[in-house]
Amino acid sequence: MNQLFINLPVSDAKASVKFYTGLGFVPNPLFTFEDQQCMARGEETCLMLQSKKMFSTGSSKALADPSRGCKM
C-alpha cells in the first residue's frame, strides 16, 4: 500500500482541523505533534497541517503570499 503525505502550512490549526473534518478527514494521533496536526482520509492519504514555522524548516524557500497570487 502506498501512502500520500501532503504538508500544508496553516495559521490557525483549530480552524483548519474543523475545516478538514467537515471534508471527511479524521485526526490521526500517530503523526500529531505540538506544531503539526495529522488529518487522515482512509489509510492512504494524510494531510500534515503544520505551523508556518515548522513548515519552513523543510525548505529554504519563502512561503508564497496568497494575497499576491493570481486572481480570476
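User: A polar contact is a pair of N or O atoms within 3.5 Å; within protein, one must be able to donate a hydrogen and the other to accept it, and residues adjacent in sequence count only if both atoms are side-chain atoms. Which residue's backbone nitrogen lies 3.0 Å from a polar atom of the side chain of S59?
Analyst: This is a predicted model, where local features need pLDDT of at least 70, side-chain atom pairs count only at pLDDT 80 or more, and totals for chains, interfaces and linings use all residues. Residues are numbered from 1 along each chain as its sequence is written, and side-chain values use heavy atoms, without hydrogens or water. S59 is found in the segment after α2 (52-56). The backbone nitrogen lying 3.0 Å from its side chain belongs to K61.

User: How is S59 classed by relative accessible area?
Analyst: Buried means under 20% relative accessible area, exposed over 50%, partly exposed in between (1.4 Å probe, protein chains only). S59 has 38%, so its class is partly exposed.

User: Which element has the highest mean pLDDT?
Analyst: pLDDT is the predictor's confidence in each residue, from 0 to 100. The chain mean is 90, and 97% of its residues reach 70 or more. Helices (H or I, at least four residues) and strands (E, at least two) are DSSP runs, numbered from the N terminus. Among the elements, α2 is lowest at 88, and the highest, at 96, is helix α1 (residues 13-22).

User: What is the strand order of the sheet?
Analyst: Two strands pair if DSSP finds at least two bridges between them. The edge strands, each pairing on one side only, are β1 (4-10) and β2 (26-27). The sheet is open, has four strands and mixes its pairing, in the order β1-β4-β3-β2.

User: Do β1 and β4 run parallel or antiparallel?
Analyst: Seven bridges join β1 to β4 (residues 45-51). I6 stands opposite L47, and N7 has M48 as its bridge partner. The two strands run parallel.

User: How many residues lie between β3 and β4 in their hairpin?
Analyst: β3 (36-41) pairs with β4 in the antiparallel sense over six bridges. In the turn, G42 has a positive phi of about 70°. The number of residues between the strands is three.

User: How many residues of β4 are buried?
Analyst: β4 is largely enclosed by the rest of the structure.

User: How far apart are the ring centres of F5 and F31?
Analyst: Rings of Phe, Tyr and Trp (its six-membered ring) pair if their centres lie within 6.5 Å; planes under 30 degrees apart count as stacked, over 60 as edge-to-face and the rest as tilted. A search of the whole structure finds three such pairs. The planes of F5 and F31 stand at 85°, so this pair is edge-to-face, with a centre distance of 5.3 Å.

User: Which residues form the aromatic cluster?
Analyst: The rings of Y20 and F25 have centres 5.8 Å apart and planes at 85°, so they meet edge-to-face. Y20 is buried at 18% relative accessible area, and F25 is buried at 13%. The members of the cluster are F19, Y20 and F25.
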